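Subject: Handing over the structure

Dear colleague,

Please find the structure below, together with its sequence.

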Amino acid sequence: MGNVKIAMIGVGAISGIYLKNITGRFKEIELIGVCDLVRERAEAAKAEYNIPKIYDTMHDAFNDPDVDIILNLTRPYEHFEVTKAALLAGKHVYSEKPLGAAYDEGVELVELAESRGLMLGGAPDTFMGAGIQTCRKIIDDGVIGDPVGAACFMICRGHESWHPDPEFYYKFGGGPMMDMGPYYITALINLLGGIGGVTGVARKTFPTRTITSQPYYGTVVDVDVNTHVAGILEFTSGAIGTIFTTFDVHYRPQARFEVYGSKGTIVVPDPNGFGGQVKLLRPEQGDYMDIPLLFDYKENSRGLGLADMAKALATGRASRTSHKQTLHVLEVLSSFDKSSEAKARYTMQTKYTRSEAMKNNPMHGILD
C-alpha cells in the first residue's frame, strides 16, 4: 500500500504546522488537497506546499475517491458538522480537538463511525511526544511508586490580545476547558488511566471581551461560555486529580502540571507541546532532577496523531488517537459545566483503556 492520502478541510491559524509537518516530516502520509471557505487561504497553501488539488467545497473532498482520511481543521463548533458529513460520505476522519462542541455530538459521531466501520480519531497528539511519553515510562516503571494524584493549571488572560480571529474562543465549543483542557486531560489519562467521576465549579467572569489583535482590533465580543473552571478528577485507579483552567487572570508561567506518587513526584512539561523539561523528585535526591527525554518527537510535531492513525489504517493495528480516547476526553471536558450547574458529582459514562506507549524508530517520520 502506498502513502495514505489526506484532504485538509480548513486552512486557518493551526493549519500552518500541519502543512509543514505533513509535507516535510511524516513519510507515510500525503496531502493531496485542501479546502477553505476563504479560497485565498487554500490557494496560498497550494502554492507554498505544492499541493495538487483545491476543493471548491468540502463535499468535493469527501467525494474524491483518492482521499483516504479527511483532516478536519475547522473551528470547534464546526467539527461536528464537517466530521459527520465526511463519515456519511464514507471517509475516515482525523479532527482537531475537541471531537465535538458537546458530549452528545461526540456520541453521535462515534456511533456513526462504528456503524460504518470507519476510523475516527483526533487531536491532541502532543501526548505522543517525547515529554509526556518520558513521563509515562517513569510512571509505568514504578519510579514514583503508586500514583496518588495529579494537579494541572492552565492560567492566562485569554487569546484576544494575540490571536487573529479569537471570537470563537468565547462561543459554543470554546472556553479555557474546551480549548486548552484537551491537552491536559489527554495527557492525564495517558499517564494515569481513565476517569470515573468529575466534580466541577465554573463561572463566566466577564460578559464581554475586547479584541486588541489585528485585524479585528476594537471589536467587542459577547462571552457565551464559562471562562474560569476548576475541577476534581477521580481516576478509576484511585488516584485523585485537580485541574484549573482560566481565561480571566494575569499569571506567569501559563502551565503547571505535576503527578504525585507514593515514592516521588514528576513535574510534567506543558502538554501543549511535544518536548519540554521533565523533572523528578525522590526523597533520596533531596531536590528535583532533570530527566533526559527518552523518546523521539520533542519538536512541534502536530500531525503525529494523524500519521499514527494512517499507519493504523494501513496495518490494522490500533490507533493511539482513536475515538475511544477523544470521546472520553470530550465527556470529561463537558462534565465540568454539568457538575457545576447541578452542584453535584458527575459520573462518567465512557470507559478508557490507555493506548500503547510510543516506540522509538530510528527512521524519524515513520511510525511502528
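Before the details, one term is needed: two strands are said to pair if DSSP finds at least two bridges between them. Please also keep in mind that this is a predicted model.

On the β4 side, Ala7 stands opposite Ile70, while Ile9 stands opposite Asn72; here β1 pairs with β4 (residues 69–72) in the parallel sense, over four bridges. Strand β1 itself, which covers residues 4–9, is mostly covered, with five of its six residues buried. Together with helix α1 (residues 15–24), β1 and β2 make a right-handed β-α-β unit.

These strands belong to an open sheet of six, in the order β3-β2-β1-β4-β5-β6, with parallel pairing. Because β3 (53–54) and β6 (120–122) stand at the edges and have a single partner strand each, one side of each is left without a neighbour in the sheet.

Next come two helices. Helix α4 (residues 79–88) and helix α5 (residues 103–115) pack at an angle of about 10°, and their axes are 10 Å apart. Angles under 35 degrees count as roughly parallel, so α4 is described as roughly parallel to α5. On the α4 side the contact is made by Phe80, Thr83, Lys84, Leu87 and Leu88, and on the α5 side by Glu105, Glu108, Leu109, Leu112 and Ala113. Sorted by class, this contact has six nonpolar, one polar and three charged residues.

Leaving aside residues up to four places away in sequence, Lys91 touches Ala61, Phe62, Asp64, Pro65, Val67, Ile70, Ala86 and Leu118. One of these, Phe62, is 29 residues from Lys91 along the chain, yet the C-alpha atoms of the two are separated by 6.7 Å.

Nine strands form an open sheet in the order β16-β15-β14-β13-β7-β12-β11-β8-β17, and the pairing in it is mixed. Its edges are β16 (289–291) and β17 (346–347), each with a single partner strand, so one side of each is left without a neighbour in the sheet. Helix α10 (residues 323–342) lies across β8 (195–203), β11 (228–235), β12 (240–246) and β17, and runs at about 50° to β8.

Finally, please look at helix α6 (residues 130–140), which is largely enclosed by the rest of the structure, because nine of its eleven residues are buried. Among the buried residues are Ala130, Ile132, Cys135 and Ile139. The elements that cover the buried residues of α6 include β7 (147–155), α8 (181–192), β13 (255–261), β14 (265–267), β15 and β16. Just after α6, Gly142 takes a positive phi of about 80°.

With best wishes

Key:
Residues numbered from 1 in each chain as written. Predicted model: local features only at pLDDT ≥ 70, side-chain atom pairs only at ≥ 80, totals over all residues. Heavy atoms only, no water. Buried < 20%, exposed > 50% of the residue type's maximum accessible area, 1.4 Å probe, protein only. Right-handed = clockwise from strand over helix to strand, strands pointing away. Axes fitted to C-alpha atoms, helices over the stretch in contact; angles between N-to-C directions. Parallel < 35°, antiparallel > 145°, perpendicular 65-115°, else oblique. Contact = heavy atoms within 4.5 Å. Nonpolar A, V, L, I, M, F, W, Y, C, P; charged D, E, K, R; others polar.
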